[in-house]
Amino acid sequence: LMSTFDQRELPSLRELKNAIQDGERKPSLPLSQRDVCYCQLSAKAKAYKNLFGASISFMLIFSVFLGVAGLQSSLNEVDGLGLASLSILHVFYILSGFFTSAVIRLFGTKYTLVICYVGMTVYTITNYYPHWYTLIPVAVFVGIIYAPLWASLNVHVTSVAIQYASVLQENPAYFISFFTGIYTMFIKIAYIPANTVSSVALLNGREE
């Protein structure tokens, strides 16, 4: 049976020894650097991903929050609960400016944004169960995180712009202004659905 095989196809003992070094097998095919596919985003793609991710997420959360906040005097007019919650929110908003840097230093910009998004979402949900013991504590919390929200968004977008400018070796001031203009556009867009919902709700309330 062995005679049917061509001995020239079988590796010699020296070839087998050379194929094994330090207990590891050599790769059957040599890999060159050009044969490896690196599935990584470019610096430009990463910068725009971070920019539009932060801007669009903020626009969605902020538009809902604005719509609910604009209707507080109408939604929760019993005993002045809506006006009280807004007043308390803005009082703590003013006070939170004194420790905004400490919050960002502790959690970082991304986690600060996530915490703020959660707080604004909870404030929206509590309007379905408007009571003094539900709406007021959440208004205090949202007021505390409101200043860190704006600061962390600005710092996050600015840091992304600076990193992108350093990769391209360009003036950072240009990219900071460019990226700031983009996320400011999304902030202003958030007012459109918020004011539209508020106007429709008020008009339907008058007709009824």
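Predicted model: local features only at pLDDT ≥ 70, side-chain atom pairs only at ≥ 80, totals over all residues.

Me: Why is Ser55 called buried?
Reply: Buried requires a relative accessible area under 20%. Ser55 has 2% relative accessibility, so the residue counts as buried. Ser55 belongs to helix α2, which covers residues 43-70. Leaving aside neighbours within four places in sequence, Ser55 is in contact with Tyr183 and Phe186.

Me: Why is Leu95 called partly exposed?
Reply: Partly exposed lies between the buried limit, under 20%, and the exposed limit, over 50%. The value for Leu95 is 43%, and therefore Leu95 is partly exposed. Leu95 is placed in helix α4, residues 81-96.

Me: What makes a set of residues a nonpolar core, and which members of the largest one touch the most others?
Reply: The members must be buried residues of nonpolar kinds such as Leu, Phe and Tyr, joined through side-chain atoms within 4.5 Å. The largest nonpolar core has 41 residues, of which Phe58, Phe62, Phe65, Tyr123, Leu149, Leu153 and Phe179 touch the most other members. Two or more residues come from each of α2, α4, α5, α6 and α7. The greatest contribution is that of α6, with 14 residues.

Me: What does Phe65 touch, residues up to four places away in sequence not being counted?
Reply: Phe65 touches Leu89, Met120, Tyr123, Thr124, Val142 and Tyr146.

How values were computed: Residues numbered from 1 in each chain as written. Heavy atoms only, no water. Helix = DSSP H or I, 4+ residues; strand = E, 2+ residues; numbered from the N terminus. Buried < 20%, exposed > 50% of the residue type's maximum accessible area, 1.4 Å probe, protein only. Contact = heavy atoms within 4.5 Å.
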